[in-house]
Amino acid sequence: MLFKSVYNEFIKIAAKPRSYLGIGAITLLVGVILFALKSDGLSILSFVTSSFEQTLSFEGNLLNGNLIAFIILQMLLVQIPLLVALVTGDLISGEFAMGTIRMVMTKPISRTTLLLSKFIAGAVYTACIIIWLGIMALVFGRIFFGTGDLIVLNTDGLVILQEHDVLWRYLSGFAVAFLALLTVASLSICLSCFSENSIGPIVATMSIIILFTIIGTLEVSVFDSIRPYLFTTHMASWRNFFEEPLPKTEIIKSVIILVAHILLFLGISIYTFNKKDISA
Amino acid sequence: MPESIISIQHLSKSFGSFLAVKDVSFQVFKGDVFGFLGPNGAGKSTSMRCMLSLIKADSGDIRLFDLPIHNHREDILRRTGSIVEKPDFYKYLTAYRNLDIFARISGTYSSKKEIYAMLDFVGLNGRENDKVGSFSHGMKQRLGIAQTLLHNPDLIVLDEPTTGLDPQGIIDIRNLILRLKEEHQKTILLSSHDLSEIEMIANRMVIINKGKSIVEGSVKELMSTENLFIRLEVEPQQKALEVLKNAFPEIQIQIKGENQLEFHLSRNQVPRISQLLNSHEIAVYSLESKRSLEDYFIKIVQQDAI
(Lines give C-alpha, C1' and ligand atoms only; values in the text may rest on other atoms or scores of the structure.)
Protein backbone atom coordinates (compact mmCIF):
# COMPACT_ATOMS: atom_id res chain seq x y z
CA MET A 1 0.00 0.00 0.00
CA LEU A 2 2.88 2.38 0.78
CA PHE A 3 4.30 2.01 -2.72
CA LYS A 4 0.88 2.64 -4.32
CA SER A 5 0.30 5.67 -2.16
CA VAL A 6 3.77 7.08 -2.93
CA TYR A 7 2.99 6.66 -6.63
CA ASN A 8 -0.27 8.59 -6.09
CA GLU A 9 1.65 11.38 -4.40
CA PHE A 10 4.06 11.59 -7.32
CA ILE A 11 1.11 11.95 -9.69
CA LYS A 12 -0.33 14.77 -7.57
CA ILE A 13 2.99 16.62 -7.23
CA ALA A 14 3.73 16.25 -10.94
CA ALA A 15 0.29 17.62 -11.89
CA LYS A 16 0.45 20.73 -9.69
CA PRO A 17 1.78 23.85 -11.43
CA ARG A 18 3.39 25.08 -8.19
CA SER A 19 5.73 22.06 -8.26
CA TYR A 20 7.45 23.57 -11.27
CA LEU A 21 7.95 26.93 -9.59
CA GLY A 22 11.08 25.62 -7.87
CA ILE A 23 12.59 24.23 -11.07
CA GLY A 24 11.66 27.40 -12.95
CA ALA A 25 13.01 29.70 -10.25
CA ILE A 26 16.32 27.82 -10.06
CA THR A 27 16.67 27.88 -13.84
CA LEU A 28 15.99 31.61 -13.93
CA LEU A 29 18.18 32.52 -10.97
CA VAL A 30 21.14 30.40 -12.09
CA GLY A 31 20.73 31.80 -15.61
CA VAL A 32 20.89 35.35 -14.25
CA ILE A 33 23.93 34.57 -12.08
CA LEU A 34 25.73 32.84 -14.95
CA PHE A 35 25.03 35.81 -17.22
CA ALA A 36 26.23 38.30 -14.57
CA LEU A 37 29.42 36.35 -13.87
CA LYS A 38 30.13 35.90 -17.59
CA SER A 39 29.75 39.67 -18.04
CA ASP A 40 31.63 40.92 -15.00
CA GLY A 41 32.98 37.91 -13.14
CA LEU A 42 36.66 38.74 -13.54
CA SER A 43 36.37 42.11 -11.79
CA ILE A 44 34.56 40.42 -8.87
CA LEU A 45 37.28 37.79 -8.70
CA SER A 46 40.10 40.33 -8.80
CA PHE A 47 38.42 42.18 -5.93
CA VAL A 48 38.64 38.97 -3.85
CA THR A 49 42.18 38.02 -4.88
CA SER A 50 43.68 41.52 -4.72
CA SER A 51 44.28 41.28 -0.97
CA PHE A 52 46.35 38.09 -1.51
CA GLU A 53 48.33 39.24 -4.54
CA GLN A 54 51.26 40.49 -2.46
CA THR A 55 51.88 37.03 -1.05
CA LEU A 56 50.44 34.78 -3.77
CA SER A 57 50.49 34.76 -7.52
CA PHE A 58 47.43 33.33 -9.31
CA GLU A 59 47.71 31.54 -12.64
CA GLY A 60 45.23 29.73 -14.88
CA ASN A 61 41.46 29.87 -15.18
CA LEU A 62 40.31 30.97 -11.74
CA LEU A 63 36.82 31.94 -12.82
CA ASN A 64 35.91 28.37 -13.76
CA GLY A 65 32.84 26.17 -13.48
CA ASN A 66 33.86 24.91 -10.04
CA LEU A 67 34.03 28.41 -8.58
CA ILE A 68 30.83 29.43 -10.35
CA ALA A 69 29.02 26.41 -8.85
CA PHE A 70 30.31 27.33 -5.39
CA ILE A 71 29.13 30.94 -5.75
CA ILE A 72 25.72 29.80 -7.02
CA LEU A 73 25.25 27.33 -4.16
CA GLN A 74 26.26 29.95 -1.62
CA MET A 75 23.75 32.41 -3.03
CA LEU A 76 20.83 30.06 -3.64
CA LEU A 77 20.82 27.54 -0.82
CA VAL A 78 19.31 30.27 1.35
CA GLN A 79 16.30 30.68 -0.95
CA ILE A 80 15.73 27.03 -1.86
CA PRO A 81 13.93 26.21 1.45
CA LEU A 82 11.07 28.46 0.35
CA LEU A 83 10.77 26.59 -2.94
CA VAL A 84 10.71 23.27 -1.08
CA ALA A 85 8.19 24.48 1.51
CA LEU A 86 5.89 25.71 -1.27
CA VAL A 87 5.27 22.10 -2.24
CA THR A 88 5.80 20.14 0.98
CA GLY A 89 3.84 22.58 3.17
CA ASP A 90 0.83 21.87 1.00
CA LEU A 91 1.02 18.08 1.07
CA ILE A 92 -1.34 17.52 4.03
CA SER A 93 -3.01 20.90 4.48
CA GLY A 94 -3.76 21.11 0.74
CA GLU A 95 -5.80 17.89 1.05
CA PHE A 96 -7.76 19.47 3.91
CA ALA A 97 -8.26 22.71 1.97
CA MET A 98 -9.57 20.83 -1.09
CA GLY A 99 -11.64 18.42 1.01
CA THR A 100 -9.97 15.44 -0.66
CA ILE A 101 -8.66 14.23 2.70
CA ARG A 102 -12.22 13.02 3.46
CA MET A 103 -12.23 10.96 0.30
CA VAL A 104 -8.73 9.56 0.88
CA MET A 105 -9.30 8.68 4.52
CA THR A 106 -12.46 6.71 3.76
CA LYS A 107 -10.20 4.32 1.83
CA PRO A 108 -8.44 1.38 3.49
CA ILE A 109 -5.13 3.17 3.91
CA SER A 110 -3.74 3.93 7.36
CA ARG A 111 -2.96 7.51 8.30
CA THR A 112 0.66 6.61 9.01
CA THR A 113 1.04 5.06 5.55
CA LEU A 114 -0.48 8.14 3.93
CA LEU A 115 1.80 10.45 5.86
CA LEU A 116 4.90 8.37 5.12
CA SER A 117 4.02 8.30 1.44
CA LYS A 118 3.73 12.09 1.44
CA PHE A 119 7.06 12.35 3.25
CA ILE A 120 8.76 10.06 0.73
CA ALA A 121 7.25 11.96 -2.20
CA GLY A 122 8.34 15.25 -0.58
CA ALA A 123 11.86 13.84 -0.13
CA VAL A 124 12.03 12.81 -3.79
CA TYR A 125 10.81 16.28 -4.83
CA THR A 126 13.49 17.85 -2.60
CA ALA A 127 16.10 15.59 -4.19
CA CYS A 128 14.90 16.67 -7.64
CA ILE A 129 15.33 20.32 -6.66
CA ILE A 130 18.86 19.70 -5.39
CA ILE A 131 19.79 17.61 -8.42
CA TRP A 132 18.49 20.31 -10.77
CA LEU A 133 20.41 22.94 -8.84
CA GLY A 134 23.53 20.75 -9.14
CA ILE A 135 23.03 20.29 -12.87
CA MET A 136 22.46 24.01 -13.41
CA ALA A 137 25.38 25.11 -11.24
CA LEU A 138 28.00 22.47 -12.01
CA VAL A 139 27.19 21.33 -15.53
CA PHE A 140 26.22 24.69 -16.99
CA GLY A 141 28.97 26.41 -14.98
CA ARG A 142 31.53 24.08 -16.55
CA ILE A 143 30.03 24.43 -20.02
CA PHE A 144 30.23 28.23 -19.93
CA PHE A 145 33.34 28.74 -17.80
CA GLY A 146 35.42 25.59 -18.24
CA THR A 147 37.09 23.75 -15.35
CA GLY A 148 40.02 24.42 -13.06
CA ASP A 149 41.14 24.52 -9.44
CA LEU A 150 38.68 25.87 -6.92
CA ILE A 151 39.56 28.85 -4.78
CA VAL A 152 37.35 29.21 -1.71
CA LEU A 153 37.54 32.11 0.68
CA ASN A 154 36.48 31.15 4.18
CA THR A 155 36.94 32.60 7.66
CA ASP A 156 40.40 31.02 8.06
CA GLY A 157 41.66 32.34 4.75
CA LEU A 158 42.00 31.07 1.22
CA VAL A 159 41.55 27.36 0.43
CA ILE A 160 42.77 26.12 -2.93
CA LEU A 161 41.38 22.77 -4.03
CA GLN A 162 42.78 21.01 -7.05
CA GLU A 163 40.47 20.33 -9.96
CA HIS A 164 40.52 16.51 -9.54
CA ASP A 165 39.71 16.95 -5.81
CA VAL A 166 36.51 18.94 -6.29
CA LEU A 167 33.79 16.72 -7.71
CA TRP A 168 33.46 14.35 -4.72
CA ARG A 169 33.26 17.39 -2.44
CA TYR A 170 30.37 18.75 -4.47
CA LEU A 171 28.56 15.39 -4.43
CA SER A 172 29.02 15.10 -0.66
CA GLY A 173 28.05 18.75 -0.21
CA PHE A 174 24.87 18.20 -2.21
CA ALA A 175 24.06 15.17 -0.04
CA VAL A 176 24.31 17.25 3.15
CA ALA A 177 22.43 20.13 1.52
CA PHE A 178 19.73 17.58 0.66
CA LEU A 179 19.53 16.58 4.33
CA ALA A 180 19.21 20.25 5.29
CA LEU A 181 16.39 20.77 2.78
CA LEU A 182 14.75 17.52 3.85
CA THR A 183 14.69 18.94 7.38
CA VAL A 184 12.83 21.96 6.00
CA ALA A 185 10.48 19.62 4.10
CA SER A 186 9.82 17.59 7.29
CA LEU A 187 9.15 20.77 9.25
CA SER A 188 6.66 22.03 6.68
CA ILE A 189 4.92 18.62 6.49
CA CYS A 190 4.75 18.65 10.29
CA LEU A 191 3.22 22.15 10.32
CA SER A 192 0.93 21.06 7.51
CA CYS A 193 -0.60 18.50 9.90
CA PHE A 194 -1.75 21.30 12.19
CA SER A 195 -3.33 23.41 9.48
CA GLU A 196 -6.26 23.16 7.10
CA ASN A 197 -5.06 25.78 4.63
CA SER A 198 -2.04 25.74 2.34
CA ILE A 199 -0.52 29.13 3.07
CA GLY A 200 -0.19 28.78 6.86
CA PRO A 201 2.42 25.98 6.92
CA ILE A 202 4.50 27.63 4.18
CA VAL A 203 4.60 30.99 5.99
CA ALA A 204 5.16 29.29 9.36
CA THR A 205 8.07 27.23 7.97
CA MET A 206 9.78 30.31 6.59
CA SER A 207 9.13 32.23 9.82
CA ILE A 208 10.74 29.46 11.88
CA ILE A 209 13.77 29.37 9.57
CA ILE A 210 14.15 33.16 9.80
CA LEU A 211 13.72 33.12 13.59
CA PHE A 212 16.22 30.29 14.11
CA THR A 213 18.68 31.94 11.71
CA ILE A 214 18.47 35.18 13.70
CA ILE A 215 18.97 33.29 16.96
CA GLY A 216 21.90 31.45 15.34
CA THR A 217 23.63 34.60 14.17
CA LEU A 218 22.94 36.86 17.15
CA GLU A 219 26.03 37.00 19.34
CA VAL A 220 24.02 36.84 22.54
CA SER A 221 25.18 34.47 25.26
CA VAL A 222 21.65 33.48 26.28
CA PHE A 223 21.34 31.55 22.99
CA ASP A 224 24.75 29.91 23.25
CA SER A 225 23.42 26.68 24.70
CA ILE A 226 20.72 26.13 22.04
CA ARG A 227 22.53 27.50 18.98
CA PRO A 228 24.48 24.28 18.19
CA TYR A 229 21.25 22.27 18.20
CA LEU A 230 19.18 24.46 15.88
CA PHE A 231 18.82 22.85 12.48
CA THR A 232 19.39 26.21 10.80
CA THR A 233 22.90 26.29 12.27
CA HIS A 234 23.67 23.21 10.16
CA MET A 235 21.95 24.20 6.96
CA ALA A 236 25.16 25.57 5.47
CA SER A 237 27.30 22.66 6.65
CA TRP A 238 27.69 21.56 3.01
CA ARG A 239 30.47 24.19 2.99
CA ASN A 240 32.52 22.03 5.37
CA PHE A 241 33.35 19.80 2.41
CA PHE A 242 35.31 22.71 0.92
CA GLU A 243 37.57 23.08 3.97
CA GLU A 244 41.07 21.71 4.10
CA PRO A 245 41.61 19.61 6.17
CA LEU A 246 38.12 18.21 6.12
CA PRO A 247 36.32 18.88 9.47
CA LYS A 248 34.90 15.36 9.76
CA THR A 249 33.61 15.78 13.32
CA GLU A 250 31.70 18.93 12.36
CA ILE A 251 30.19 17.21 9.35
CA ILE A 252 29.12 14.13 11.33
CA LYS A 253 27.65 16.34 14.05
CA SER A 254 25.66 18.31 11.48
CA VAL A 255 24.37 15.14 9.83
CA ILE A 256 23.28 13.73 13.21
CA ILE A 257 21.47 16.94 14.18
CA LEU A 258 19.72 17.22 10.82
CA VAL A 259 18.64 13.56 10.85
CA ALA A 260 17.45 13.94 14.46
CA HIS A 261 15.32 16.91 13.41
CA ILE A 262 13.88 15.00 10.46
CA LEU A 263 12.93 12.09 12.72
CA LEU A 264 11.51 14.44 15.35
CA PHE A 265 9.36 16.33 12.83
CA LEU A 266 8.24 13.08 11.22
CA GLY A 267 7.33 11.61 14.62
CA ILE A 268 5.30 14.69 15.57
CA SER A 269 3.59 14.59 12.16
CA ILE A 270 2.59 10.94 12.51
CA TYR A 271 1.31 11.44 16.05
CA THR A 272 -0.64 14.62 15.18
CA PHE A 273 -2.12 13.28 11.96
CA ASN A 274 -3.26 10.06 13.65
CA LYS A 275 -4.98 12.03 16.42
CA LYS A 276 -6.53 14.63 14.13
CA ASP A 277 -10.28 14.70 13.53
CA ILE A 278 -11.02 14.94 9.84
CA SER A 279 -13.82 17.45 10.00
CA ALA A 280 -12.87 19.37 6.83
CA MET B 1 -32.70 -12.25 11.64
CA PRO B 2 -31.08 -10.48 8.68
CA GLU B 3 -27.36 -9.87 8.71
CA SER B 4 -26.42 -6.60 10.42
CA ILE B 5 -24.18 -4.43 8.26
CA ILE B 6 -24.10 -1.31 10.44
CA SER B 7 -24.77 -1.24 14.15
CA ILE B 8 -24.43 2.07 15.99
CA GLN B 9 -25.19 2.08 19.70
CA HIS B 10 -25.31 5.19 21.92
CA LEU B 11 -22.87 7.16 19.83
CA SER B 12 -21.74 10.51 21.20
CA LYS B 13 -19.24 13.08 20.00
CA SER B 14 -18.48 16.61 21.11
CA PHE B 15 -16.27 19.34 19.68
CA GLY B 16 -15.03 21.33 22.65
CA SER B 17 -18.11 22.29 24.62
CA PHE B 18 -20.45 21.64 21.69
CA LEU B 19 -22.18 18.26 21.90
CA ALA B 20 -22.74 17.38 18.23
CA VAL B 21 -24.00 13.83 18.78
CA LYS B 22 -25.58 12.82 22.09
CA ASP B 23 -27.10 9.42 21.71
CA VAL B 24 -27.49 8.01 18.22
CA SER B 25 -28.37 4.37 17.76
CA PHE B 26 -29.55 2.52 14.67
CA GLN B 27 -29.03 -0.65 12.74
CA VAL B 28 -28.76 -1.27 9.01
CA PHE B 29 -29.34 -4.75 7.63
CA LYS B 30 -28.00 -6.41 4.50
CA GLY B 31 -29.84 -5.22 1.39
CA ASP B 32 -31.36 -2.19 3.09
CA VAL B 33 -31.60 1.20 1.50
CA PHE B 34 -31.53 3.00 4.80
CA GLY B 35 -32.63 6.60 5.14
CA PHE B 36 -30.74 8.72 7.65
CA LEU B 37 -32.89 11.76 8.32
CA GLY B 38 -32.58 14.85 10.38
CA PRO B 39 -32.68 18.61 10.12
CA ASN B 40 -29.51 20.62 9.51
CA GLY B 41 -27.13 20.33 12.42
CA ALA B 42 -28.85 17.22 13.77
CA GLY B 43 -25.56 15.32 13.76
CA LYS B 44 -25.93 13.22 10.61
CA SER B 45 -22.55 14.05 9.08
CA THR B 46 -20.78 13.79 12.44
CA SER B 47 -22.31 10.33 12.96
CA MET B 48 -21.22 9.30 9.48
CA ARG B 49 -17.71 10.60 10.09
CA CYS B 50 -17.50 8.60 13.33
CA MET B 51 -18.83 5.56 11.51
CA LEU B 52 -16.08 5.82 8.88
CA SER B 53 -13.38 6.63 11.42
CA LEU B 54 -12.77 10.13 10.07
CA ILE B 55 -13.32 11.40 13.59
CA LYS B 56 -13.07 9.57 16.85
CA ALA B 57 -16.28 9.07 18.82
CA ASP B 58 -16.24 10.03 22.50
CA SER B 59 -18.33 7.01 23.43
CA GLY B 60 -20.61 4.42 21.93
CA ASP B 61 -20.23 1.24 19.94
CA ILE B 62 -19.75 1.36 16.16
CA ARG B 63 -19.74 -1.91 14.28
CA LEU B 64 -19.73 -2.46 10.55
CA PHE B 65 -19.92 -6.00 9.18
CA ASP B 66 -19.99 -7.01 12.85
CA LEU B 67 -16.48 -5.61 13.37
CA PRO B 68 -15.68 -2.68 15.67
CA ILE B 69 -14.41 0.26 13.60
CA HIS B 70 -11.71 1.28 16.07
CA ASN B 71 -9.59 -1.78 15.50
CA HIS B 72 -10.81 -3.08 12.12
CA ARG B 73 -10.82 0.21 10.22
CA GLU B 74 -9.04 -1.01 7.12
CA ASP B 75 -10.98 -4.31 6.86
CA ILE B 76 -14.20 -2.34 7.08
CA LEU B 77 -13.24 0.40 4.64
CA ARG B 78 -12.15 -2.22 2.11
CA ARG B 79 -15.82 -3.29 1.97
CA THR B 80 -17.27 0.22 2.10
CA GLY B 81 -17.63 2.98 -0.48
CA SER B 82 -18.61 6.40 0.75
CA ILE B 83 -19.11 10.07 0.12
CA VAL B 84 -19.18 12.22 3.24
CA GLU B 85 -20.68 15.69 2.80
CA LYS B 86 -19.72 16.36 -0.82
CA PRO B 87 -17.42 14.66 -3.25
CA ASP B 88 -14.18 16.61 -3.48
CA PHE B 89 -11.59 15.70 -6.07
CA TYR B 90 -8.21 16.86 -7.29
CA LYS B 91 -9.39 19.63 -9.60
CA TYR B 92 -6.16 19.73 -11.54
CA LEU B 93 -6.47 16.05 -12.49
CA THR B 94 -8.78 14.41 -15.00
CA ALA B 95 -11.79 12.29 -14.02
CA TYR B 96 -9.90 9.16 -15.07
CA ARG B 97 -6.80 10.10 -13.08
CA ASN B 98 -8.86 10.88 -9.98
CA LEU B 99 -10.51 7.47 -10.08
CA ASP B 100 -7.15 5.87 -10.80
CA ILE B 101 -5.72 7.48 -7.64
CA PHE B 102 -8.65 6.39 -5.45
CA ALA B 103 -8.68 2.89 -6.95
CA ARG B 104 -5.02 2.44 -6.10
CA ILE B 105 -5.67 2.97 -2.38
CA SER B 106 -8.97 1.09 -2.32
CA GLY B 107 -7.27 -2.24 -1.90
CA THR B 108 -8.12 -3.62 -5.34
CA TYR B 109 -6.67 -3.23 -8.81
CA SER B 110 -8.81 -1.40 -11.35
CA SER B 111 -7.68 -1.46 -14.96
CA LYS B 112 -8.12 1.50 -17.29
CA LYS B 113 -10.96 -0.42 -18.97
CA GLU B 114 -12.73 -0.92 -15.62
CA ILE B 115 -12.38 2.75 -14.71
CA TYR B 116 -13.76 3.77 -18.10
CA ALA B 117 -16.64 1.30 -17.63
CA MET B 118 -17.38 2.82 -14.21
CA LEU B 119 -17.39 6.33 -15.67
CA ASP B 120 -19.79 5.04 -18.31
CA PHE B 121 -22.00 3.48 -15.60
CA VAL B 122 -22.44 6.85 -13.88
CA GLY B 123 -23.03 8.65 -17.18
CA LEU B 124 -19.66 10.36 -17.54
CA ASN B 125 -18.56 8.65 -20.74
CA GLY B 126 -16.74 11.05 -23.01
CA ARG B 127 -15.58 13.15 -20.03
CA GLU B 128 -12.85 10.77 -18.87
CA ASN B 129 -10.00 13.07 -19.84
CA ASP B 130 -11.56 16.35 -18.73
CA LYS B 131 -10.17 17.99 -15.64
CA VAL B 132 -12.52 17.75 -12.66
CA GLY B 133 -12.14 21.50 -12.13
CA SER B 134 -14.41 21.97 -15.14
CA PHE B 135 -17.12 19.64 -13.79
CA SER B 136 -20.53 20.78 -12.57
CA HIS B 137 -21.74 19.79 -9.10
CA GLY B 138 -23.90 17.06 -10.61
CA MET B 139 -20.98 15.61 -12.53
CA LYS B 140 -18.88 15.60 -9.37
CA GLN B 141 -21.66 13.73 -7.58
CA ARG B 142 -21.64 11.11 -10.34
CA LEU B 143 -17.88 10.89 -10.17
CA GLY B 144 -18.21 10.57 -6.40
CA ILE B 145 -20.54 7.62 -6.82
CA ALA B 146 -18.14 6.07 -9.34
CA GLN B 147 -15.38 6.47 -6.76
CA THR B 148 -17.46 4.65 -4.13
CA LEU B 149 -18.11 1.72 -6.47
CA LEU B 150 -14.63 1.15 -7.87
CA HIS B 151 -13.65 -1.56 -5.41
CA ASN B 152 -17.08 -3.23 -5.55
CA PRO B 153 -18.00 -2.54 -1.91
CA ASP B 154 -20.82 -4.29 -0.05
CA LEU B 155 -21.88 -1.10 1.72
CA ILE B 156 -22.33 2.34 0.19
CA VAL B 157 -22.63 5.42 2.39
CA LEU B 158 -23.94 8.55 0.70
CA ASP B 159 -24.27 11.83 2.54
CA GLU B 160 -26.96 14.01 0.93
CA PRO B 161 -26.06 12.97 -2.61
CA THR B 162 -28.78 15.10 -4.24
CA THR B 163 -28.03 18.38 -2.46
CA GLY B 164 -27.49 21.21 -4.92
CA LEU B 165 -28.56 19.21 -7.96
CA ASP B 166 -31.08 20.32 -10.56
CA PRO B 167 -34.31 18.25 -10.91
CA GLN B 168 -32.86 16.10 -13.69
CA GLY B 169 -29.71 15.54 -11.64
CA ILE B 170 -31.82 14.44 -8.67
CA ILE B 171 -33.71 11.95 -10.83
CA ASP B 172 -30.46 10.63 -12.32
CA ILE B 173 -28.83 10.10 -8.92
CA ARG B 174 -32.02 8.52 -7.54
CA ASN B 175 -32.14 6.11 -10.47
CA LEU B 176 -28.47 5.34 -9.98
CA ILE B 177 -29.07 4.47 -6.32
CA LEU B 178 -32.03 2.27 -7.25
CA ARG B 179 -29.87 0.48 -9.83
CA LEU B 180 -27.21 -0.14 -7.19
CA LYS B 181 -29.82 -1.69 -4.95
CA GLU B 182 -31.67 -3.69 -7.58
CA GLU B 183 -28.91 -4.72 -10.02
CA HIS B 184 -25.94 -4.88 -7.68
CA GLN B 185 -27.63 -5.82 -4.36
CA LYS B 186 -25.71 -3.20 -2.40
CA THR B 187 -26.60 -2.11 1.12
CA ILE B 188 -26.98 1.66 1.06
CA LEU B 189 -27.03 4.22 3.86
CA LEU B 190 -28.37 7.47 2.55
CA SER B 191 -28.82 10.80 4.24
CA SER B 192 -30.86 13.40 2.48
CA HIS B 193 -32.72 16.62 2.99
CA ASP B 194 -35.19 15.63 0.35
CA LEU B 195 -37.53 13.61 2.52
CA SER B 196 -39.83 12.56 -0.26
CA GLU B 197 -36.82 11.04 -1.91
CA ILE B 198 -36.11 8.87 1.12
CA GLU B 199 -39.72 7.80 1.01
CA MET B 200 -39.27 6.81 -2.64
CA ILE B 201 -35.94 5.02 -2.24
CA ALA B 202 -35.51 3.75 1.33
CA ASN B 203 -37.07 0.70 2.93
CA ARG B 204 -35.92 1.55 6.46
CA MET B 205 -34.97 4.79 8.17
CA VAL B 206 -33.93 6.55 11.34
CA ILE B 207 -34.74 10.14 12.24
CA ILE B 208 -32.27 12.02 14.38
CA ASN B 209 -32.62 15.43 15.94
CA LYS B 210 -30.30 17.43 18.19
CA GLY B 211 -27.80 14.62 18.19
CA LYS B 212 -30.10 11.76 19.18
CA SER B 213 -32.13 9.21 17.33
CA ILE B 214 -35.85 9.68 17.73
CA VAL B 215 -37.45 6.93 15.70
CA GLU B 216 -36.24 3.99 13.65
CA GLY B 217 -38.07 1.43 11.57
CA SER B 218 -39.46 0.42 8.23
CA VAL B 219 -40.55 3.39 6.11
CA LYS B 220 -43.80 1.55 5.25
CA GLU B 221 -44.69 0.83 8.88
CA LEU B 222 -43.83 4.30 10.07
CA MET B 223 -45.89 5.79 7.27
CA SER B 224 -48.87 3.46 7.66
CA THR B 225 -49.89 5.01 10.95
CA GLU B 226 -49.62 8.52 9.62
CA ASN B 227 -52.18 10.88 8.25
CA LEU B 228 -51.96 11.59 4.57
CA PHE B 229 -52.85 14.92 3.09
CA ILE B 230 -55.79 14.30 0.72
CA ARG B 231 -57.04 16.57 -2.07
CA LEU B 232 -60.29 15.54 -3.75
CA GLU B 233 -62.04 16.88 -6.82
CA VAL B 234 -65.68 15.83 -6.52
CA GLU B 235 -69.15 16.73 -7.68
CA PRO B 236 -71.42 17.71 -6.04
CA GLN B 237 -69.05 19.27 -3.52
CA GLN B 238 -71.58 19.93 -0.71
CA LYS B 239 -72.93 16.37 -0.73
CA ALA B 240 -69.41 14.97 -0.66
CA LEU B 241 -68.60 17.18 2.29
CA GLU B 242 -71.59 15.88 4.28
CA VAL B 243 -70.86 12.24 3.45
CA LEU B 244 -67.24 12.56 4.48
CA LYS B 245 -68.12 14.43 7.70
CA ASN B 246 -70.56 11.68 8.67
CA ALA B 247 -68.07 8.93 7.88
CA PHE B 248 -65.06 10.58 9.50
CA PRO B 249 -66.38 12.95 12.20
CA GLU B 250 -62.92 13.49 13.68
CA ILE B 251 -61.38 15.11 10.57
CA GLN B 252 -61.44 18.77 9.52
CA ILE B 253 -62.36 19.26 5.88
CA GLN B 254 -61.55 22.44 4.03
CA ILE B 255 -63.40 23.61 0.95
CA LYS B 256 -60.91 24.78 -1.66
CA GLY B 257 -62.18 26.29 -4.86
CA GLU B 258 -64.76 24.72 -7.11
CA ASN B 259 -65.36 21.03 -6.33
CA GLN B 260 -62.20 20.68 -4.26
CA LEU B 261 -61.90 19.35 -0.70
CA GLU B 262 -58.75 19.03 1.40
CA PHE B 263 -58.18 17.11 4.62
CA HIS B 264 -55.80 14.79 6.49
CA LEU B 265 -56.75 11.15 6.88
CA SER B 266 -55.14 8.05 8.27
CA ARG B 267 -53.40 6.08 5.53
CA ASN B 268 -55.39 2.88 6.13
CA GLN B 269 -58.70 4.73 5.70
CA VAL B 270 -57.88 6.22 2.32
CA PRO B 271 -59.28 3.29 0.26
CA ARG B 272 -62.70 3.87 1.91
CA ILE B 273 -63.02 7.36 0.37
CA SER B 274 -63.71 6.23 -3.20
CA GLN B 275 -66.03 3.45 -2.05
CA LEU B 276 -67.98 5.82 0.16
CA LEU B 277 -68.37 8.58 -2.42
CA ASN B 278 -69.25 6.16 -5.20
CA SER B 279 -71.96 4.55 -3.06
CA HIS B 280 -73.54 8.00 -2.64
CA GLU B 281 -73.32 8.62 -6.39
CA ILE B 282 -70.75 11.38 -6.02
CA ALA B 283 -68.40 11.73 -8.98
CA VAL B 284 -64.71 11.58 -8.03
CA TYR B 285 -62.59 13.32 -10.69
CA SER B 286 -59.34 13.08 -8.80
CA LEU B 287 -57.96 11.82 -5.49
CA GLU B 288 -54.50 13.09 -4.67
CA SER B 289 -52.63 11.99 -1.57
CA LYS B 290 -49.67 14.20 -0.88
CA ARG B 291 -46.28 13.32 0.54
CA SER B 292 -46.51 12.42 4.15
CA LEU B 293 -42.99 11.89 5.34
CA GLU B 294 -42.31 15.59 5.48
CA ASP B 295 -45.31 16.12 7.75
CA TYR B 296 -44.30 13.15 9.79
CA PHE B 297 -40.70 14.32 10.00
CA ILE B 298 -41.66 17.84 11.07
CA LYS B 299 -44.12 16.47 13.61
CA ILE B 300 -41.54 14.12 15.09
CA VAL B 301 -38.92 16.84 15.28
CA GLN B 302 -41.37 19.28 16.83
CA GLN B 303 -42.48 16.68 19.41
CA ASP B 304 -38.86 16.14 20.31
CA ALA B 305 -38.35 19.87 20.74
CA ILE B 306 -41.18 20.15 23.29
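Guide: Let's go to helix α3 of chain B, residues 95–104: of its 10 residues, 8 are buried, so the rest of the structure largely encloses it. Keep in mind as we go that this is a predicted model.

Which residues are the buried ones? They are A95(B), R97(B), N98(B), L99(B), I101(B), F102(B), A103(B) and R104(B).

For α3(B) and α4(B), the angle is about 115° and the axes are 10 Å apart. Their crossing is right-handed. On the α3(B) side you'll find A95(B), Y96(B), L99(B), D100(B) and A103(B), and they meet I115(B), M118(B) and L119(B) of α4(B). Sort that contact by class and you get 7 nonpolar residues, 1 charged and no polar ones.

Next, hop across to chain A. The contact between the chains draws on 24 residues of chain A and 25 of chain B. On the chain A side, α1 and α6 each provide at least two of the residues that touch chain B. The largest share of that side is from α1(A), with 7 residues. By class, the chain A side splits into 11 nonpolar, 7 polar and 6 charged residues.

Helix α1 of chain A (residues 2–15) and helix α7 of chain A (residues 111–145) have axes that come within 8 Å and cross at roughly 50°. That is why α1(A) and α7(A) count as oblique to each other. Here, too, the crossing is right-handed. From α1(A), the contact uses L2(A), S5(A), V6(A), E9(A), F10(A) and I13(A), while α7(A) brings in residues including T113(A), L114(A), I120(A) and Y125(A). Count the classes in this contact of α1(A) with α7(A) and you have 9 nonpolar, 3 polar and 2 charged residues.

Finally, step back to chain B as a whole. Its domain assignment lists domain 1 (4–218) and domain 2 (225–305). The C-alpha centres of these two domains of chain B are 38 Å apart.

Methods: Residues are numbered from 1 along each chain as its sequence is written. Chains are lettered from A and ligands numbered from 1 in the order in which they are written. This is a predicted model: local features need pLDDT of at least 70, side-chain atom pairs count only at pLDDT 80 or more; totals for chains, interfaces and linings use all residues. Axes are lines fitted to C-alpha atoms, for helices over the stretch in contact, and angles run from 0 to 180 degrees between N-to-C directions. Helices (H or I, at least four residues) and strands (E, at least two) are DSSP runs, numbered from the N terminus. Angles under 35 degrees count as roughly parallel, over 145 as roughly antiparallel, 65 to 115 as roughly perpendicular and the rest as oblique. A crossing is left-handed if the near helix is turned anticlockwise from the far one by less than a right angle, and right-handed if clockwise. Two residues are in contact if their C-beta atoms, placed from the backbone, lie within 7 Å. Ala, Val, Leu, Ile, Met, Phe, Trp, Tyr, Cys and Pro count as nonpolar, Asp, Glu, Lys and Arg as charged, and the others, Gly among them, as polar. Domain bounds come from an automatic or database domain assignment. A residue is buried if 20 or more other C-beta atoms lie within 10 Å of its own, exposed if 12 or fewer, and partly exposed in between; C-beta atoms are placed from the backbone.
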